[in-house]
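Here are some notes to read with the model open beside you. They go through the chains in turn and then through the contacts inside them.

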Amino acid sequence: MSDFHRSGQNYSSGPSRWSHCRKRGNDGSLRTHGGGDDEWGAHRPSDSRHSSFTTPESAGPVSRCGQSDWGSQVEEDDMRRDVHRDMQRYRRRILGSDATQRERRTSSGSSGSCDSREGENMETDEAVLLRRQKQINYGKNTLAYDRYIQEVPRHMRQPGIHPKTPNKFRKYSRRSWDQQIKLWKVRLHAWDPPADDCNGKSTNDDTLEELELGDVMDIELDFPTLENSQDASSSLNTLSFPAEDQDCVGTPVKVQRTESRADPDMMVKKPPAEPFIC
Amino acid sequence: MRILLMTVTSMDVLTGASVPSIMDNSTEDYRIQSFDVETQILLKTALKDPSSVNLKKVSDVIVDQSLKDQMFSKEAGRICYTIVQAEAKQSSGNMFRTNLLNRLQQEFKDREAMRGHSLQEWVCYVTFICNIFDYLKVNNMPMVALVHPVYDCLMRLAKPDALMNEVEVDCLVLQLHRIGEQLEKMNSQRMDELFFLLRDGFLLQEGLASMTRLLLLEILEFRAGGWMLSSTAHKYYYSEIAD
């Protein structure tokens, strides 16, 4: 009785559209899940891992092991879509400016800068872009950033004085990128809300803020030229950075708490006015 | 037999997709009348000024009510969507959505126990999660994270023991009417798998109520017709003809 409906009579002889999905072959026997049916592979939580599972650092599907809670999954999907959309916009912008640059160069006869080849040398690895975007989001998701963009509209920004968000589409080494992010966040602290309501550290904070900005003015200011990670680390050693980063040397005690709470695994929403620049 | 279908509580089946909403901003759309006054105020505030309320509490309140009140769970997605949008606009946050989803996930993990101790709650849960799937879209796409969980729930409803309960069959066909097409687009293989179960159930399972068999046949035809009924089929199932 159990296989009457599977009898050959009512079926076309060739494989039907769904035969690859069937649990049972035409003779009624159960197919094993493995058997060439890749489609069954990845979707059940209890299944063995899909063959395309890769470690988080590499490109390709990261799948379920990273964030298994639905909230984070949806956030990540959200971000992924945004990143792809950004990528398209960026490409268009670059292609547009490439064209005009080439025109200018041929007419003026000057040699081109490396900018013109930016479109070809773009970072496109999704995992890298997502990670970078997350880091950028942590920085933007602060009161300091809010106050900064309100105070200084984009067209009023002066290079060197006003922090600029690192460009996630440029090729950088991991170390170089991470340091750019740290530097950017440190500079953003200049716009932290006044720390009146905190544990009376305001005076220290103020002087430290000035100190930070002063140091910052001395080093490479325009991020895009921080190509070489070695340059970045040598020039940044004079700055204070959190102890958590093994790249940093001689962190003054006052600064130690700078970022230990701001990164990255915490769901930091707008933090209350805390003295991050300590 | 035909007239029977009209008296089924799942009148939404008739209208296929969800009832067209009144386009005004009245909170009656959200069916919050079943909440006590204090909670209604909380919800109304959440809709207008999300960052001023405890969004985790709001999501808990909504989930709790959805598990108790099937009328609410059928449309709770709408109020959730509005709060998500409001929060995103006001503070670029998604705390409400995150809390809501994680709470849904918690309940999902314990769904078998839930079903064991209250069929009603289980059915409310499925209705709710499907409604969230329907309404809470991200860039006009359903949330991928919910696809498998929703299928898992529907597959559970299609199992032989569940087919014996009219409330579960009712819930199953209602959800398929509302979100079947979208769900299939997200993953057609699992839809096929589900429908194998439904065919098996319809053909082989003994002791099914006649209403159940009617609902199963209707949903089989519905999907076969590309997620709609031909006009003749519609006449068969839904028109009252004096026999």
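**Notes on the two chains**

1. Start with chain B: from the N terminus on, its elements run α-α-α-α-α-α-α-α-α-α-α-α-α-α. That makes 14 helices and zero strands. Helices (H or I, at least four residues) and strands (E, at least two) are DSSP runs, numbered from the N terminus.

2. Before going on, some housekeeping. This is a predicted model, where local features need pLDDT of at least 70 and side-chain atom pairs count only at pLDDT 80 or more, while totals for chains, interfaces and linings use all residues. Residues are numbered from 1 along each chain as its sequence is written, chains are lettered from A and ligands numbered from 1 in the order in which they are written, and side-chain values use heavy atoms, with hydrogens and water left out.

3. Chain B has 243 residues, and 55% of them count as buried (under 20% relative accessible area; exposed is over 50%, partly exposed in between, with a 1.4 Å probe and protein chains only). Its accessible surface comes to about 10,900 Å², with 54% belonging to carbon and sulfur atoms; such areas come from the Shrake-Rupley method with a 1.4 Å probe, and for residues only the protein chains shown count as cover. Take the contacts (heavy atoms within 4.5 Å) in chain B between residues at least 6 apart in sequence: 69% join residues at least 24 apart.

4. Chain A is also worth a walk along the sequence: its pattern is α-α-α-α-α-α-α, with seven helices and zero strands. Of its 278 residues, 38% count as buried. Chain A exposes about 16,500 Å², and carbon and sulfur atoms supply 51% of that. Among its contacts with a separation of 6 or more, residues 24 or more positions apart account for 61%.

5. How many aromatic pairs does a search of the whole structure find? Eleven, over all chains. Rings of Phe, Tyr and Trp (its six-membered ring) pair if their centres lie within 6.5 Å; planes under 30 degrees apart count as stacked, over 60 as edge-to-face and the rest as tilted. The ring centres of Phe35(B) and Phe72(B) are 5.1 Å apart and the planes are at 85 degrees, so this pair is edge-to-face. Phe35(B) lies in the loop between helix H2 (12-15) and helix H3 (37-48) of chain B and Phe72(B) in helix H5 (residues 70-91), so the pair ties together parts 37 residues apart in sequence. Both Phe35(B) and Phe72(B) are buried.

6. Another edge-to-face pair is Phe195(B) with Trp227(B), at 6.2 Å centre to centre and 90 degrees between the planes. Phe195(B) sits in helix H12 (residues 188-204) of chain B and Trp227(B) in the loop between helix H13 (210-224) and helix H14 (231-238), so parts 32 residues apart in sequence are tied together. Phe195(B) and Trp227(B) are buried. Look too at Arg223(B), whose charged end sits over the ring of Phe195(B), 4.7 Å from its centre (the rule: NZ of Lys or CZ of Arg within 6 Å of the ring centre and within 35 degrees of the ring normal).

7. Chain A has its own aromatic spots. Tyr145(A), Tyr148(A), Trp184(A) and Trp191(A) form one cluster. The charged end of Arg132(A) sits over the ring of Trp177(A), 4.5 Å from its centre.

8. In chain A, Lys168(A) and Asp86(A) form one, their closest N and O atoms being 3.1 Å apart. Lys168(A) lies in the loop between helix H4 (143-151) and helix H5 (174-188) and Asp86(A) in helix H2 (residues 70-108) of chain A, so the pair ties together parts 82 residues apart in sequence. Both Lys168(A) and Asp86(A) are buried.

9. Back in chain B, Arg178(B) and Glu75(B) meet in a salt bridge at 2.9 Å, N to O. The pair links distant parts of the chain, with Arg178(B) in helix H11 (residues 166-186) and Glu75(B) in helix H5, 103 residues apart. Arg178(B) is buried at 9% relative accessible area, and Glu75(B) is buried at 2%.

Note on methods. Salt bridge = Lys/Arg side-chain N within 4 Å of Asp/Glu carboxyl O.
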